[in-house]
Amino acid sequence: MSGPSTPTEDSATDVVRWAAFSCVLVPVVLLWYGTSLAGATGTALGLAAVTAVCRLLLRQSERGAARIKAGEAGPSPRRRGRHHRTGTGAHRGGRHTGGNTPVG
């Protein structure tokens, strides 16, 4: 086994384990109560898909929290969009007149 882990990692692993357990248990209970095999299979697949997405989001959140805890900066700042330019200067695009005279 690996070294001691933090409580957050343990709780995240526990959540994923319980979700995987429910992916098996729920269809069995549905079959026990008379649901069709197709319905139970569809439920199992749906639960598995939701579990996979939740696991992905949970891991991504853990990585982000670890990065913040370590003091690392997030991703590098991106360029501003075309409507959020700073500074002065000629604007690109739009209508241009022949000279510096105002239109009106």
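**View 1. The accessible surface and overall make-up of the predicted model.** The accessible surface of the protein comes to about 9,400 Å², and 61% of that area belongs to carbon and sulfur atoms. This is a predicted model, and its secondary structure consists of two helices and zero strands. Of the 104 residues in the protein, 8% are buried. Among the contacts with a separation of 6 or more, 50% are accounted for by residues 24 or more positions apart.

View 2. Buried residues in helix 2 include A40 and A44, together with T51 and E62. After helix 2 comes G71, which has a positive phi, near 85 degrees.

**View 3. The aromatic pair in helix 1.** A search of the whole structure finds one aromatic pair. This pair is formed by W18 and F21, whose arrangement is edge-to-face, with 5.7 Å from centre to centre and 85 degrees between the planes. Since W18 and F21 are three residues apart in helix 1, which covers residues 7-32, about one helical turn separates them. An α-helix has 3.6 residues a turn, so residues three or four places apart point the same way.

**View 4. Exposure of the two paired side chains.** W18 is exposed, because its relative accessible area of 60% is over 50%, whereas F21, with a relative accessible area of 44%, is partly exposed.

Technical notes: Residues numbered from 1 in each chain as written. Predicted model: local features only at pLDDT ≥ 70, side-chain atom pairs only at ≥ 80, totals over all residues. Heavy atoms only, no water. Buried < 20%, exposed > 50% of the residue type's maximum accessible area, 1.4 Å probe, protein only. Helix = DSSP H or I, 4+ residues; strand = E, 2+ residues; numbered from the N terminus. Phe/Tyr/Trp six-rings, centres within 6.5 Å; stacked < 30°, edge-to-face > 60°. Contact = heavy atoms within 4.5 Å. Areas by Shrake-Rupley, 256 points an atom, 1.4 Å probe, with all protein chains shown as cover.
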